[in-house]
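Dear colleague,

Please find below the structure that I am handing over to you. My notes on what was found in it follow directly after.

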Amino acid sequence: MKNESFFDKGYKKAYLELSNGIKLEGKAIGADVSVSGEMVFNTGMLGYSEAMTDPSYWGQILVFSFCLIGNYGIPFPENGDFFSSQGHESSSIKTQGIIVSDIYSGCHHHDRGISLEDWMKKQDVPGIAGIDTRYLVQTIRESGNLWGRIVPEGAKPQNKSKFEFLKHFEDGEYVDPSKFNLMPSVSTKERQIIGRGSKKVAVIDCGAKWNIMRMLIERGCEVEVLPWDTDFSTVKCDGWVISNGPGDPKNTADLVERIKKDVLTSNKPILGICLGHQLLALASGAKTKRLSHGHRSHNQPVFSLPDKKAYMSSQNHRYAVEKNSIQAGWELWFENANDDSVEGLKHKTKPFMSVQFHPEASSGPNDTSWIMDKLVGLL
Amino acid sequence: MPILDFLSPKNGKKQKVILLGSGALSIGQAGEFDYSGSQAVKALEEEGLEVIIINPNIASVQTNKGTNKKVYLYPITPFWVEKIIKIEKPVAIISSFGGQTSLNCVIDLEKSGVLKKYNVKVLGTQVNALKLSEDRELFAEKMKSINVPIAKSHAVSTVDEALKTAEQIGYPVITRSAFALGGLGSGLAKNSVDLKRLTQAALMTSPQVLIEKSLHGWKEIEYEVMRDKTGNTITICNMENFDPMGIHTGDSIVIAPCQTINNTENNMLRDTAIKIAQNVGIVGECNVQYALNPEDYGFYVIEINARLSRSSALASKATGYPIAYIAAKIVIGFDLLELKNPVTGTTSAFYEPSLDYVTLKVPRWDLSKFTGVSKNLGTQMKSVGEVMAIGRNFCEVMQKALRMVNENENGITVNIFKDASSEDLDKELLSPTNLRVFAIYETFKRGKSIEYVYEKTKIDYWFLSHILYLAKVESELFNFFVKHSEKKDLFTAQDIYNTYKKVPKEHLHCLKSKGFSDFQLTKIFLLACLSGQTKLSIKQIRTLSFGIRKLRKKLGVLPVVKQIDTTSSEYPTKSNYLYLTYDGIHSDVSPKKNTKSVITLGSGSYRIGSSLEFDWCSVMTSSYFKNKKNDSVIINCNPETVSTDYSASDRLYFEELSSERVLDIIDIEDPKGVVACMGGQNPNNLIQPLSEAKVNILGHSQKSVDGAEDREKFSAMLDKLGIDQPEWISAVSRDEIEKFIEKVGFPVLIRPSFVLSGTLMNVANDKESLEHYLSLTKDISADFPVVISKFILDAKEIECDGVAKGGEVILSLVTEHIENAGVHSGDATMVFPSQKIYTRTVNIIKDIVRKIVKDLNLNGPFNIQFIAKENDVKVIECNARASRSFPFISKVSGVNLAELSCKVMNNERVKKILIDESEIPYVGVKASMFSFQRLDGADPVIGVEMASTGEVGCLGDKFDHAMLLSMEATQIRKPKKGVLISAGREKDKIKFMEVIDNLYKLGVPVYATRGTAKFLEDRGYKVETVHWNRNPRAVDIIIEGKVDFVININKNLSVDELHNNSEIRKMAVKCGCSLLTNLEKTMAYLRAYDSYDELQSIDHCISL
């Protein structure tokens, strides 16, 4: 906004083309490329950098319903790693693109970094500003399934080598990532050990957010990050985390089978988070379903059973576990106070548990960080 | 388990619960408590409780009669609350909906064992926890024990201790006094001299003062927290001050949600807020205020309020989440998980709202109403009201809010600092007054950088960059017109249309979405292209701006309607809480054109002269039309009000009360009619432009309103009807003034149309004071005339409020002022039914009323003011609208004047109502509340310019009872230590002797200034003489605490006399003494001491 001149007509237009035929015009921001993806919205008012680097948004065009995005810039993008204190949940932007109403192009926060727009340009990610995001959220909410394209005027198509699964698509086609197994695209390629501690936690990386690792390390654990296709029977650890990630839990090749065979039978403590929760549920024999528009916000109310202790949770998911499919030996642990959907499962006798929400938050409230304490306590 | 067991009905009988209000509005404790109290009443009634309201604030909605409700208009003191407990035998009492007043009262009742004695339980947060949030030392200990950082601080009880502590902490330090509202007795001390002055003052009203490290320049951030008895806790909203630490939150521009903090900072502060609520044991609502270091993640907790507050009202309006309503359910036993979010109706109340818009609160100051007050802002709150703007970008809300708050269509582009030197601008940036934001704008217009302004103000870059943007847009637009348009002497609306047609449509849309009004755009063009000599009035510019409106409609550059729904559209809602924005392409609602709506225009920001009473009228109007199955629509922008509770109407537009915005809404609503006469002068001023735009105004016609408001026309009508009026002139030269005064003599009332400093209206007693007051105005000219009228001494002031239909009086009721003419009717003490007016005078008045109503052809509510000397009655003014006495008279007489007005406006058949005022079983006294204690430097004298910030109305079996109660409720308390008297003129002293014995009967020492002392001694009374300038000095007696009651009556209104006495008055207020400055009011009060014991021992209390 600083150097913007009012009568400067220099800004470039961009269009958001939706699979239901609606076309919206706005101002091109970020990189000069056109992209395609699943349309999703997040109603969190802060935490745009955490959201954009969250691998669960992989293949999606993220609409921020809040009207002012970019206010505090982006902290230290180059120095990001597992230990970087905040702002980044992976090493790069994972959303295909973003849609905002008003974008701020400065960066004055004491964390000192770069502006949101410069960051997007550097990472080759486009976006559109000046969109009526409230209207767009309503459109997405009402449509159930909606795909979209960000098309800046005269822009070239996205480099398809950016993500493995993009090779399946023609330019200008609407992309539905959930049709594919996204694990090869998001998971780490190599086993990696970080942190030092007397207990070791194996994190099955389905697109894990860095804060999961940060919190385990903070709690004195050694963490081994595993590629999704690791032979789990070869892993030596005191407990497991099955991480969050994008896509349909059923579209993960043999992952569920291998969890069932090698992880459940280890009888070590397990914590499933988000996609990991769905994978664990599938491995237990329960079923998952696609929700009409999912939960993507910082204010999902959940409560534990039977004590009815309630927490504000951060969520980002499209699929959920079907309540009536919960298997014998397992019990409902958390429920959503708005729509009664399943928010967590617990094994009645074994140290297995999983949550649909994000105890690692980032972004969003830290109300359920105690679940990480609980896991570490069980090791 | 929903409701606590002891609250559920026993043997089919409802249980009673006392809900304490907050009393009269004052700075720091205003209308927000009517809003929270009214929501609480609704929540409690729904659960089958009978609510006992104790609150002397008669103009509030919560003190309306109800079926499951009893209302006691009594002072909120342990004495009266105990009496009512004895009568009503409630099972419980609720303290958290009536601000600091009710909280302190409940703490006292608990301490004295009264609650235990009558087995009354405190609902919600328990007294131990309340004390924790009030006693700063206890609070500091508690925070330390849970590892929450608080600013280094020390409680001290002497000045010496304070100085020692400050040496340890290091200057600058902040002082705060315990048990105080709105930061009373607080301040910033840069050195020991400052500190000595501040602590001396603070220790006079509070036993404890806290010395803290100054966090000047840190971000100030607040969280609203709700916790239920099971411990489930949410934060509903966070808010960030535009003005960093150093300015009281009540005086700060506030944005919600926070805009310059990141996710980590937000959750760090949120986690801490929840931890505090858990550990303090909050059940219900509380807020937590923080100072956040702008340079790292360091923070301190500043304070918590374990009750509903101004911030919680703002947070409710900012988010749509009805905090007070839910808090009330929680204090009677519900858990958050058991309750639904009332906005969605389907989702859980255990929920933190998500916003897809921003809101900006801007305070309203009326500092020009007070003589001598310092305009600098600091840690002591001075504002009297506020507005909130809703929009989708910061520029939009800033522009909207600045137009809303002063009803000035110029908003941020007002140019008040146009001629200021850069030194003056810098000074304004460094030591802010209420005008700082305009100075920032001007600084940017002069090309200064963000860095430059940041260094001086420490306001975050993010905020400043937007103001810079607006300044740049204005300059560029101005230059565009200079380059592309011709200069002319005269422009038409069509010229404006053609001019803006040259601006590309997307740029016009952008200008609108950044909040520029048509008026502002017109004015920027005129500044560029109107030849130097031409001056246009606001009305003329507004007419020209219709050119832009026409162009916008043609181009389709129109605002859209958005809902406030708490979920950012995640769930579909039917929310009726709406705002307009240009930053969007789609409207959430489009009202059905076949259900014709009625729009009620609210009163806007509370301010001196327009307060709760007009919100009461607006709420009554809205609910009348709601009950009549119309679509009842409210437009208002004041977050402290009941009218902006979305349940008060069928549709609420939280919007500007400007002609442009109201017409936008009319275009959307296509209403059956618009009610503009119930919200005070602010909406009344819109009648003219709305009528010109062919809007159907309900009630009085524009011609009637004009006939009443136009001084010349009204005066001519009175002459025609043979009705007497004080002589007056609208003078355009000195010569005219002198001639006029030669004719009528002193004293005269002066009303300039513009003042450079000081107050607008004054009484000149002699040539010298005339010169003085005229020197404060601009040069007198045809553009700036001065209205001068004969001021009549020793006359009674009488008002007649009523309702007319088609030029016939339906109802008229006469109220009497206790003070003689010369006290603004908004400050006067009023009695109804009148006690001391001759029947003959009443008859004359009613006859005049009939004539005026007939001639103006009034059709709705009205108020006519008179002065009477013997049976000589003169008319002062006529308001063709509801007046501020409407709730008072309605509640005392039992006839709802607001509802009656609505019937007339709705063309219902109404019969003439004749009330035999002698049949009314009690007497009501309405008294004004002043907030001088917060207005450093202001002379606490009452006069022709209104200065009160609130009022009470109490009922008694007889006048004396009502008088005593209303005085107690406005902080006039029976002297315990001593009395200081200056009794004014010789004839005042003689009169004063009539009641002097009542004073001496109290047995406390009496001090008097020389003249009065001699007068008393001559008549054999024991008195100690004090002096202005030598020992024993009058002010010292006050400082030393030898007196707690000061009677100070001016001899006349000359500048010298006012100056001498003002030192005494200011000190009296500073030291918390009861202060009376009017002879008639003092006499009525002292005379009522005859019934003091009788009232105290009475075993019944009057309820509505």
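**Sheets of chain B**

In chain B, strand β35 (residues 979-983) runs parallel to strand β36 (residues 1006-1009), and 3 bridges join them. Within this pair, B:I981 has B:A1008 of β36(B) as its bridge partner. Strands are DSSP runs of E with at least two residues, helices are runs of H or I with at least four residues, and both are numbered from the N terminus. Two strands are taken to pair if DSSP finds at least two bridges between them.

Please note that this is a predicted model, in which local features need pLDDT of at least 70 and side-chain atom pairs count only at pLDDT 80 or more, while totals for chains, interfaces and linings use all residues. Residues are numbered from 1 along each chain as its sequence is written, and chains are lettered from A and ligands numbered from 1 in the order in which they are written.

The two strands named above belong to an open sheet of 5 strands in chain B, ordered β37-β36-β35-β38-β39, with parallel pairing. At its edges stand β37 (1024-1026) and β39 (1074-1076) of chain B; each has a single partner strand, so one side of each is left without a neighbour in the sheet. On average, neighbouring strands of this sheet are turned by 25 degrees against each other, direction ignored. Helix α35 (residues 1010-1018) of chain B packs on the sheet and touches β35, β36 and β37 of chain B, and its direction makes about 125 degrees with that of β36(B). For these angles, axes are lines fitted to C-alpha atoms (for helices, over the stretch in contact), and values run from 0 to 180 degrees between N-to-C directions. Two residues are in contact if their C-beta atoms, placed from the backbone, lie within 7 Å.

Chain B also holds an open sheet of 7 strands in the order β17-β18-β21-β20-β19-β22-β23, where the pairing is mixed. Its edge strands, β17 (560-563) and β23 (697-698) of chain B, each pair on one side only. Strand β20 (residues 631-636) of chain B is joined by 4 bridges to strand β21 (residues 651-654) of chain B, and the two run parallel. Here B:I634 stands opposite B:L652 in β21(B). Helix α21 (residues 612-627) of chain B packs on this sheet, touching β19 (597-601), β20 and β22 (673-675) of chain B, and its direction makes about 160 degrees with that of β20(B).

**Chain B as a whole**

The secondary structure of chain B comes to 39 helices and 39 strands. Its radius of gyration is 29 Å, close to the 32 Å that the globule rule gives for 1104 residues, so chain B is as compact as a globular protein of that length. The radius is taken over C-alpha atoms, and the rule is 2.2 Å times the number of residues to the power 0.38. The C-alpha trace of chain B spans about 85 × 75 × 65 Å along its principal axes. Of the 1104 residues of chain B, 59% count as buried. A residue is buried if 20 or more other C-beta atoms, placed from the backbone, lie within 10 Å of its own, exposed if 12 or fewer do, and partly exposed in between.

**Contact between the chains**

The contact takes 45 residues from chain A and 49 residues from chain B. On the side of chain A, the elements giving two or more residues are α3 (133-143), β18 (288-304) and β19 (310-321) of chain A. The largest share of that side, 6 residues, comes from α3(A).

**Backbone points to check**

Most residues other than glycine have a negative phi, and most peptide bonds are trans. A cis peptide bond joins B:Y171 and B:P172, with omega about -5 degrees; B:P172 is found in the loop between α7 (159-169) and β7 (173-177) of chain B. Another cis bond joins B:F832 and B:P833, where omega is about -5 degrees.

A:D124, which is not a glycine, has a positive phi near 60 degrees and is found in the loop between α2 (116-122) and β10 (126-129) of chain A. With 16 C-beta neighbours inside 10 Å, A:D124 counts as partly exposed.

With kind regards
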